[in-house]
Amino acid sequence: MNRSPIGVIILFGPPGAGKGTQARELSKYLGIPHISMGDILRSNITAGNLLGRGVKEILDRGELVPDSAVKDMLQVRLLNADTSQGYILEGFPRTLEQAHWLSMTLTSFSNDLRIVAVAIEMTRSQLVRRIAGRKHCPFCYMTFNIYGNRPQKDGFCDRDMTPLVQRPDDCEEILDKRLDIYDRLTMPVFEHFRAEGVLAKVAGEGPIMSITNEIINCIEARLNAVSKQFGCDTYSP
Ligand code: AMP
């Protein structure tokens, strides 16, 4: 049975706000893929290919990879057939240039995918605590946190039992730089989506599932509003 496309769910939030964790939960609930720009970059680094070697130091310094490189990598991923009903985009767009490229790309694919942007908000002190407790699996990139999202076996990935590691950019000094970049380059992006009327905000502190439910409510409200506008049935996943 054909179902109507869900759309492109963009998750915004400063480093440590829980975008990856929430994106995974939403992907399970909505049945659409989770595309993480950070994971795409890290998998190139792990593969040791030319692209990965070129970006490793940029990630370690907490700076942004040039727009042209991330756009090219994402374009390849979006050609995959699993994106036809929509996808959850985590960590992209992070600059206005990336946002304009995304809108243009969606228009040119003309497959009726609408954007719903959700910003997860947290204070700096909450982020410092989260980042200090965060570990990830270097094999599948699943993220855990000793504050609230512990692995079943301490120090090991739930999915593949790989020993967990801390990301080189997850330290307080680099966090400051990443937050500064977020304020300067990414805040204008979500102002752009706010002006287009497609941005919702949720608080990022609290139990994972209650934040997920809040995000789902925002997404459903937005998609139902769009369905009404176009005279379609009410949206349900
Ligand atoms: P994340 O896993 O989302 O925290 O991203 C980790 C790092 O990957 C960032 O600090 C940047 O160095 C790089 N990165 C991820 N997404 C982007 C993007 N959209 N544009 C440029 N660099 C990015």
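Select F12 and F190: are they buried or exposed? F12 is buried, and F190 is too (buried is under 20% relative accessible area, exposed over 50%, partly exposed in between, with a 1.4 Å probe and protein chains only). This is a predicted model, where local features need pLDDT of at least 70, side-chain atom pairs count only at pLDDT 80 or more, and totals for chains, interfaces and linings use all residues. Residues are numbered from 1 along each chain as its sequence is written, and side-chain values use heavy atoms, leaving out hydrogens and water.

F12 sits in strand β1 and F193 in helix α7, 181 residues apart (helices are DSSP runs of H or I, at least four residues; strands are E, at least two; both numbered from the N terminus). Now show Y182 as well: ring pairs join F12, Y182, F190 and F193 into a cluster.

Next, pick L89. Beyond residues up to four places away in sequence, L89 touches V8, I9, I10, L11, I35, L74 and L102 (contact means heavy atoms within 4.5 Å).

Then jump to S27, in helix α1 (residues 19–30). S27 is buried, at 17% relative accessible area.

Last stop: R129, whose charged end sits over the ring of Y147, 4.2 Å from its centre (NZ of Lys or CZ of Arg within 6 Å of the ring centre and within 35 degrees of the ring normal).

Key: Rings of Phe, Tyr and Trp (its six-membered ring) pair if their centres lie within 6.5 Å; planes under 30 degrees apart count as stacked, over 60 as edge-to-face and the rest as tilted.
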